[in-house]
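Student: I would like to learn how to read the contacts in a two-chain model. Could we go through them one feature at a time?

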Amino acid sequence: PPAHSRSDWIGPPDPHSNLRPVIFYAPPGESALERRLREARQEAQASNQRFWARHNRAFRQEKEEFIYSRLKAKGVEMRDESGHKATLNAEEMADFYKDFLSKNLKKHLQYNRDWYKHNFRITFLMGQVALVRALRWLRWRKKNVEQ
Amino acid sequence: AGLFVWRLRNTGVPQIPCQFVHFYHVANNRLITFQYFNFLKRMYVTQCNKDLRQRAKPKVDSIVSPFHELQQLDQEKKIVHKNSPVSPVHQSGSETSSINELRETKSAARTEDSTIHVGAESKEDRQWKEMKLRLDDLPGILARLSKIKLTALVVSTTSAGFAMAPVPFELTCFLLASIGTGLASCAANSINQFFEVPFDSNMNRTKNRPLVRGQISPLLAVCFAASCGIPGIALLTLGVNPLTGALGAFNIFLYTCCYTPLKRMSIANTWVGAVVGAIPPMMGWTAATGSLDAGALLLGGILYSWQFPHFNALSWGLREDYSRGGYCMMSVTHPGLCRRVALRHCLALIGLSVVAPVLDVTTWTFPIVSLPINLYISYLGFRFYRDADRSSSRKLFFCSLWHLPMLLLVMFTCKKSILEKEDKGDLPGGSHQTAMEIRLP
């Protein structure tokens with residue numbers, strides 16, 4: 001994003017985590033509340049990024065291993081004559097999906113709790129910041145009207 | 001989407017003798033349902049197409065993970081702020097030029113055929129966007145946030161419930177109930193999206209939602225939900241009756257606080273979700289009659305049973321995304337159960353259609369006329385149960401899309417007329433209610 005910009009910028013989805021990174025703008029006159037909000041958002045973003053990048057990587061890896069082991073059991077090569085990667089059909093993959101989901105359930109439950117906490121906190125802080133800004137604007141307007 | 005929502009609003013016809021109202025209603029309903037089906041089919045087909053296209057794209061992405069660049073930029077920005085007024089950071093300069101390049105290609109891509117829409121969208125997708133709310137984008141963003149198409153479907157099931165109630169048709173009540181339900185549905189959908197941002201980003205079907213793309217802030221999403229939900233429930237409670245309002249509020253709670261978290265905890269979410277889908281027609285019924293009687297429960301039961309073939313068939317093709325995203329769905333964890341339940345409920349629909357005339361909701365022609373479509377969906381359900389493959393799941397899903405509007409339409413045309421009931425002395429109102437007599441074709 002351009003250096004003179006005064007707002008946040010959101011980018012394309014990260015190839016590992018599929019989350020869109022945000023560059024937060026820190027205005028020069030940032031209040032303590034606004035700083036807390038920005039830091040909360042950055043922290044949530046970092047934590048989400050860590051979780052999903054790791055999780056997706058594990059998924060891809062385990063999927064490859066599963067396909068490899070199944071193909072080996074069937075006696076099929078990883079690549080056929082035309083050089084395309086051999087894949088299993090959806091029904092064969094279903095076992096893997098079921099397994100992966102049950103293995104990661106606890107991890108997800110923990111992540112859910114964290115995500116909900118982050119989300120509520122950020123939204124609440126946003127509300128506070130918006131309220132403070134609105135009051136400030138009203139006061140400024142009142143002052144202008146009086147002048 | 002705009003056209004079809006407009007058509008829905010058109011059903012508010014000014015005072016005409018009611019025979020006309022009902023003919024018009026029926027005709028419009030057909031138009032709407034046909035449009036729904038076509039529209040929905042197009043939507044799902046294009047989504048599936050998009051899906052396929054995205055998979056065909058080369059895996060190797062030459063763009064370095066933007067996140068590392070991000071962190072660097074962030075730190076540099078902080079340093080710049082601490083020291084002196086802005087001197088443009090080198091990297092940000094190069095990025096603006098690349099953004100300009102992308103913008104040019106984007107405008108070139110836009111002039112191309114709409115079938116290359118996916119390509120243009122993905123180019124736009126790869127840009128950095130300013131997180132500033134543009135007012136002219138807002139209607140589109142809010143429409144997507146509130147899942148306006150799904151909301152319209154929910155409102156139409158509510159109006160079906162209203163229409164099936166054995167009372168004279170009151171236009172104002174009908175409109176208030178529809179609007180109230182629509183607002184409640186918008187609120188529930190917005191909160192659902194608010195809760196699910198990182199999960200939606202990771203699933204192909206949902207990764208273009210407004211909160212995921214940063215087009216709107218979570219605070220605004222919550223405010224929008226509140227500004228839809230509170231007036232919606234108030235409208236239902238005060239403008240219609242408290243029972244409908246209570247059902248509406250309960251449904252919002254069920255959807256946002258039970259179904260949404262439950263999706264990631266246990267497969268029971270599907271049953272809760274089916275109840276969520278069953279409540280709107282019951283709300284329509286209570287809006288008309290003011291009480292929850294057997295007819296309301298029957299309609300709710302029909303919608304409840306319908307949800308299973310619909311959702312189970314849909315979820316069959318999404319197993320990979322659900323597994324990776326951490327969603328506990330029957331199709332992933334208990335595939336046999338998934339198919340059994342879908343078939344079971346297709347058959348239940350036949351049973352419920354037979355119960356309808358027993359409860360005096362419809363005449364006996366209803367189970368007879370609806371038998372072909374019910375048998376067809378049961379047949380597809382059986383095929384899905386036996387074959388358990390992608391093609392049978394898709395067939396079942398698409399069938400469910402037209403099956404429901406058609407079933408409700410047939411039900412409406414077979415509705416038991418009030419006059420018959422009055423003759424039998426069933427209705428408590430008796431001969432007073434001659435204001436809008438309902439005569440059916």
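Tutor: Let us begin with a definition: a salt bridge here is a side-chain nitrogen of Lys or Arg within 4 Å of a carboxyl oxygen of Asp or Glu. Side chains of opposite charge can pair when their charged atoms come close. Please keep in mind that this is a predicted model.

Student: How many salt bridges does a search of the whole structure find?

Tutor: Over all chains, the search finds 14. One of the salt bridges joins A:Lys103 to A:Glu62, with the closest N and O atoms 3.0 Å apart. This pair links distant parts of the chain, since A:Lys103 sits in helix α2 of chain A and A:Glu62 in helix α1 of chain A, 41 residues apart.

Student: How many salt bridges are counted between chain A and chain B?

Tutor: The count between chain A and chain B is one. The partners are A:Lys63 and B:Glu320, whose closest N and O atoms are 2.9 Å apart. Polar contacts are counted separately, and between chain A and chain B there are 16 residue pairs of this kind, both residues being at pLDDT 80 or more.

Student: Which elements of chain A supply the side that touches chain B?

Tutor: Two or more residues each come from β1 (9–10), β2 (22–23), α1 (32–74) and α2 (90–146) of chain A. Of these, α2(A) gives the most, with 20 residues. Sorted by class, that side of chain A holds 29 nonpolar, 15 polar and eight charged residues.

Student: And how much area do chain A and chain B bury between them?

Tutor: Buried area is what two parts lose in accessible area on being put together, summed over both. For chain A and chain B the figure is about 4,800 Å², with 64% of it on carbon and sulfur atoms. In chain A, the residues that lose the most area to chain B are A:Ile10, A:Arg20 and A:Leu101, together 13% of what that side buries. As for the residues taking part, the contact draws 52 from chain A and 54 from chain B.

Student: Can the reading be repeated inside one chain, and into which domains is chain B divided?

Tutor: The division gives domain 1 (136–282) and domain 2 (293–417), and the C-alpha centres of these two domains of chain B lie 21 Å apart. In chain B, 29 residues of domain 1 are in contact with 31 residues of domain 2. The two domains of chain B bury about 2,500 Å² between them, 70% of it on carbon and sulfur atoms. On the side of domain 1 of chain B, B:Met164, B:Ile267 and B:Trp271 lose the most area to domain 2 of chain B, together 26% of what that side buries.

Student: What are the counts of salt bridges and of polar contacts between domain 1 and domain 2 of chain B?

Tutor: The salt-bridge count is zero, whereas eight residue pairs are in polar contact across this interface, both residues being at pLDDT 80 or more. The side of domain 1 of chain B that touches domain 2 of chain B takes at least two residues each from α7 (148–164), α9 (197–201) and α12 (269–289) of chain B. The largest share, nine residues, comes from α12(B). By class, the residues of that side of domain 1 of chain B are 16 nonpolar, eight polar and five charged.

Student: Where does UniProt place the feature "transmembrane region" in chain B?

Tutor: The unreviewed UniProt entry places this feature at residues 243–262, 269–288, 294–316, 337–358 and 364–384 of chain B. In the model, residues 243–262 of chain B are 100% helix, with end C-alpha atoms 26 Å apart. Residues 337–358 of chain B are also 100% helix, and their end C-alpha atoms lie 31 Å apart.

Notes. Residues are numbered from 1 along each chain as its sequence is written. Chains are lettered from A and ligands numbered from 1 in the order in which they are written. Side-chain values use heavy atoms; hydrogens and water are left out. UniProt positions are given in the numbering used here, feature names are shortened, and annotations may be inferred rather than shown by experiment. Helices (H or I, at least four residues) and strands (E, at least two) are DSSP runs, numbered from the N terminus. Domain bounds come from an automatic or database domain assignment. Contact means heavy atoms within 4.5 Å. Buried area is the accessible area (1.4 Å probe) that two parts lose on being put together, summed over both. A polar contact is a pair of N or O atoms within 3.5 Å; within protein, one must be able to donate a hydrogen and the other to accept it, and residues adjacent in sequence count only if both atoms are side-chain atoms. Ala, Val, Leu, Ile, Met, Phe, Trp, Tyr, Cys and Pro count as nonpolar, Asp, Glu, Lys and Arg as charged, and the others, Gly among them, as polar.
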